[in-house]
Amino acid sequence: MTTTCTASELDIAVVGAGIVGVACALQLARHGKRVVLVDRQAPGMGASFGNAGHLATEQVFPIADLSILKRLPAMLMDPMGPLRLDWKYLPRAMPWFVRLLLNLRAQPFRRSVAGIRALNEASLAAWQRLLGSVGQSELLREDGSLLVFEKPESRPAIDALQARMRQQGVAVELWQASAVKAAAPQLSEHLLGGLFFPATGHFLDPLQAVHALYEAARAVGVRFIQREVRGGRVTADGVALLTEQGELSAKQVLVACGAHSAPLTEALTGTRVPLDTERGYHLMLPNEHGRLPFAVTSLERKFIMTPMAGGLRLAGTVEFAGLQRPPNMARAWQLQRLSQGLFKRELDAAGATPWMGFRPSLPDSLPVIDRVCDGKVLLAFGHQHLGLTQAAVTAEMVAGLVGAEVDRLPGYEWYRLGRF
């Protein structure tokens with residue numbers, strides 16, 4: 001069946017029904033806009049389904065630093081390493097990595113840190129407002145998070161990270177082994193300490209958070225259409241989106257489809273965005289409840305463990321292999337092996353389920369949050385590991401863009417499409 005909606009019937013089409021797109025759709029509808037949400041999958045079934053659930057306001061630094069040059073051989077040679085670059089994807093990935101390295105120079109690096117920090121500093125309060133407005137505040141546990149270390153030789157790295165965090169205004173506490181034991185008694189006795197971040201938290205169920213916002217959006221008139229958007233163009237009246245079921249027209253469009261945003265952005269704006277995907281994996285352990293009071297990350301093992309309503313989620317591995325290659329679920333099961341030795345009693349992996357999803361990442365680690373083409377095209381994508389963290393504040397910013405309240409948006413100039 002072919003259907004066509006005219007721009008006079010629809011104010012904004014939001015392409016992408018992940019946590020960012022759904023939060024934006026809700027805020028836009030609350031500002032009086034007639035909104036339709038479009039995605040080829042049901043709401044929340046992309047990267048938002050499987051993220052680590054960590055409200056990572058402490059992560060104010062870009063996704064890489066200059067040490068990535070030393071790690072490049074291991075990235076290519078070790079298929080189970082925490083950071084993996086697929087040989088077959090290397091030619092496609094090289095331009096992105098070159099841009100990443102250029103952004104590690106002093107001035108652009110400082111710009112990236114400032115931009116990430118501005119969003120993260122506003123993220124917790126934005127989530128409190130958003131969840132409170134839909135009566136779902138209990139989905140977010142604001143009980144901090146912990147980065148632990150096991151080896152004496154890791155202490156200088158912990159001290160250096162603490163100093164860098166404090167320099168950026170991040171709330172951080174150095175915990176000795178006794179403090180770790182008191183707060184998380186089921187962790188191994190051999191842990192030497194860690195950094196506790198009190199102004200962070202975790203979601204009990206990331207997918208439920210998407211559904212809660214989606215139901216609130218529906219209640220204020222947002223419609224959902226399950227279609228694949230294959231292209232689009234700017235018209236005299238607004239925008240026209242090409243789907244497999246015909247053309248969808250609106251006065252404005254918001255591109256918020258994560259790692260899939262680049263082709264549509266180029267079709268609408270003529271700008272080729274250097275967007276790539278970090279393929280992230282998780283392993284969900286349904287029998288593990290009560291092991292941890294908050295999210296715990298291992299410095300040496302480079303993964304995170306988050307307690308959720310459905311069990312314990314192990315996440316954190318990164319793979320550069322593009323959008324088309326099938327997932328390597330051995331990387332997800334590797335997370336269970338990485339957990340061995342971190343607890344007094346090993347985790348129960350019976351009934352565990354692996355998962356892989358796409359994190360949308362730009363070489364400067366900053367998202368695109370912008371209004372272009374005379375306001376007909378809105379953009380909100382590229383949040384890398386921080387999509388869940390920054391979704392609520394991004395939605396407030398997008399609503400501000402529609403209302404032309406750009407002067408009130410935190411660091412708006414840093415997130416412009418024109419930087420590419």
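Which helix provides the largest share of the lining of the second largest pocket? H11 does, with five residues. This is a predicted model: local features need pLDDT of at least 70, side-chain atom pairs count only at pLDDT 80 or more, and totals for chains, interfaces and linings use all residues. Residues are numbered from 1 along each chain as its sequence is written, and side-chain values use heavy atoms, with hydrogens and water left out.

**View 1. The second largest pocket and its lining.** Its volume is about 190 Å³. A pocket is an open set of points on a 1 Å grid over the protein atoms alone, with protein on both sides within 12 Å along at least five of seven lines; lining residues have an atom within 4 Å of a point. Grid points are joined across faces, edges and corners, and a volume is the space filled by probe spheres set on the points. The lining includes Gln27, His31, Val393, Glu396 and Met397. Arg408, Leu409 and Pro410 are also among the lining residues. By class, five are nonpolar, three polar and three charged. Ala, Val, Leu, Ile, Met, Phe, Trp, Tyr, Cys and Pro count as nonpolar, Asp, Glu, Lys and Arg as charged, and the others, Gly among them, as polar.

**View 2. Helix H5 against helix H11.** Helices are DSSP runs (H or I, at least four residues), strands likewise (E, at least two), numbered from the N terminus. The axes of H5 (residues 106-133) and H11 (residues 387-402) come within 7 Å and cross at roughly 85 degrees. H5 is therefore roughly perpendicular to H11 (65 to 115 degrees). Axes are lines fitted to C-alpha atoms, over the stretch in contact for helices, and angles run from 0 to 180 degrees between N-to-C directions. H5 contributes residues including Ile116, Trp127 and Arg129; H11 contributes Val393, Glu396 and Met397 among others. Contact means heavy atoms within 4.5 Å. Eleven nonpolar, four polar and two charged residues make this contact.

**View 3. The largest cavity.** A cavity is a set of points where a 1.4 Å probe fits but cannot get out. The whole structure has one of 30 Å³ or more. The largest holds about 40 Å³ of space. Its lining includes Pro62, Ile63, Asn103, Ser112 and Asp364. Six lining residues are nonpolar, three polar and one charged.

**View 4. Ser48 in helix H2.** H2 spans residues 47-50. Ser48 is buried, with a relative accessible area of 8% (buried is under 20%, exposed over 50%, partly exposed in between; 1.4 Å probe, protein chains only). Not counting residues up to four places away in sequence, Ser48 touches Gly18, Ile19, Pro206, Leu207 and Val210.

How values were computed: Angles under 35 degrees count as roughly parallel, over 145 as roughly antiparallel, 65 to 115 as roughly perpendicular and the rest as oblique.
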